[in-house]
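Hi,

Here is the structure I promised to pass on. Please have a look when you get a moment; my notes follow below it.

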Amino acid sequence: MAGLEQTRQLVTEIPGPASLELTKRRAAAVSHAVNVSLPVFVARASGGIIEDVDGNRLIDLASGIAVTTVGNSAPRVVEAVRAQVAEFTHTCFMVVPYEQYVAVAEELNRITPGSGEKRTVLFNSGAEAVENAVKAARSYTRKPAVVAFNHAYHGRTNLAMALTAKSKPYKSGFGPFAPEVYRAPMSYPYRDGLLDKELATDGEKAAARAIDVIESQVGADSLAAVIIEPIAGEGGFIVPAEGFLPALLDWCRKNDVVFIADEVQTGFARTGAMFACEHEGIEPDLICTAKGIADGLPLSAVTGRAQIMDASHAGGLGGTFGGNPIACAAALATIDTIESDGLIERARQLERLITEPLLRLQAGDDRIGDVRGRGAMIAIELVKSGTAEPDAELTRKLSAAAHAAGVVVLTCGMFGNIIRLLPPLTIGDELLTEGLDVLGGLLGDL
């Protein structure tokens with residue numbers, strides 16, 4: 001939407017009167033189990049700006065949780081969606097197939113890590129992709145168990161909840177969960193370094209710790225798959241120590257265990273590579289994608305080695321809406337936009353623009369325990385002054401203050417003490433800098 005001015009502007013308090021009226025309607029109509037981070041209602045969005053129904057323009061450092069990576073209503077996506085919706089909206093690929101689904105599968109087979117023959121299946125959400133990746137792994141290996149990691153987030157469906165580490169708000173009260181799910185320690189350099197400096201920097205040592213747990217508590221003979229986010233998302237934007245992921249993959253290869261990379265949040269240029277696995281050159285057996293795949297339309301995928309993806313019986317994988325033609329059109333346009341507009345390199349530029357001022361802030365404020373991440377996926381871990389104790393209250397206050405000042409940020413982490421920054425890759429330098437300056441000033445005020 002070229003006409004949306006790329007400047008922050010507050011014409012009312014946040015939330016404004018029109019948003020407050022809609023909040024009343026939401027409370028009366030929508031389940032109270034659905035939480036809202038920032039109770040302003042959007043009217044338009046483009047680039048790095050969200051405009052609400054009161055006319056306030058907010059700086060978007062969230063991208064709808066890493067979804068609108070190429071910018072809200074990106075021109076190629078809008079054009080592709082309009083063209084497709086005029087042709088047909090649905091037939092169900094399993095009933096009467098269509099080229100758009102095949103084209104997305106071809107593109108994912110091309111761009112995901114790995115040089116061997118691949119296959120893809122399309123779904124609607126990240127959780128669906130995760131559940132179906134596990135189904136494919138179990139079908140291929142004829143083994144039941146799955147290992148996930150501390151700080152993991154894999155979704156809100158039953159098996160995905162079992163794989164997810166954090167109880168509240170994702171799991172509490174929703175059990176019993178799917179069986180044969182086990183947990184191993186993640187490489188978390190900041191927290192590991194408080195106990196063992198070598199463990200913080202030596203990924204192979206951190207992997208050996210995890211493998212010891214896997215071998216002693218599960219055993220390779222029972223293990224179908226290991227599933228891991230190359231950078232933990234909801235768990236705190238944790239970048240594992242170098243060597244951790246390759247060592248895990250090597251163990252999986254030697255033990256006939258399927259290695260599943262959950263790139264739902266890290267995929268599609270978010271981290272300064274098309275996929276985060278590329279930073280260490282690893283080639284997962286299966287890769288789960290969603291979020292940034294279609295610029296806001298519901299689409300997800302499992303892509304991986306052909307022999308694994310073809311192991312299930314015909315009809316074993318699928319779904320009524322999976323690979324909807326409109327979402328497929330959006331995905332093709334999104335991938336084209338990333339590649340044509342140089343957005344992988346743009347993500348690397350944004351990493352420098354975000355981390356440099358945050359590191360300067362950290363040098364003068366010991367409440368910033370850690371600044372970490374890759375590309376346009378950067379976290380600030382907040383702790384109590386003079387300690388490494390997580391400070392969830394400060395994080396909550398900083399997030400609320402940022403929202404009131406017209407800057408959209410998200411929190412995350414097992415301890416609720418992390419501010420995560422996920423700007424669209426199309427945000428302008430000046431707007432991004434202003435958002436970071438606001439955040440830094442508010443942290444000083446607090």
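The C-alpha centres of domain 1 and domain 2 are 25 Å apart. Please keep in mind that this is a predicted model. The domain assignment of the protein chain gives domain 1 as 17-73 + 343-445 and domain 2 as 77-341.

Domain 1 brings 40 residues to the contact, and domain 2 brings 35 residues. Between domain 1 and domain 2, about 3100 Å² is buried, with carbon and sulfur atoms giving 61% of that area. Which residues of domain 1 lose the most area to domain 2? They are Arg 374, Met 377 and Met 414, which together make up 25% of what that side buries.

On the polar side, there are 19 residue pairs in polar contact between domain 1 and domain 2, counting pairs with both residues at pLDDT 80 or more. The side of domain 1 that touches domain 2 draws at least two residues from each of helix H2 (63-66), helix H13 (343-363) and strands E11 (368-374), E12 (377-382) and E15 (418-421). Strand E11 gives the most to that side, with five residues. Sorted by class, the side of domain 1 that touches domain 2 has 23 nonpolar, eleven polar and six charged residues.

Two salt bridges are found across the interface of domain 1 and domain 2.

Happy browsing, and best wishes

Key. Residues numbered from 1 in each chain as written. Predicted model: local features only at pLDDT ≥ 70, side-chain atom pairs only at ≥ 80, totals over all residues. Heavy atoms only, no water. Domains from an automatic or database assignment. Contact = heavy atoms within 4.5 Å. Buried area = accessible area lost by both parts, 1.4 Å probe. Salt bridge = Lys/Arg side-chain N within 4 Å of Asp/Glu carboxyl O. Polar contact = N/O pair within 3.5 Å; in protein donor to acceptor, adjacent residues only side chain to side chain. Helix = DSSP H or I, 4+ residues; strand = E, 2+ residues; numbered from the N terminus. Nonpolar A, V, L, I, M, F, W, Y, C, P; charged D, E, K, R; others polar.
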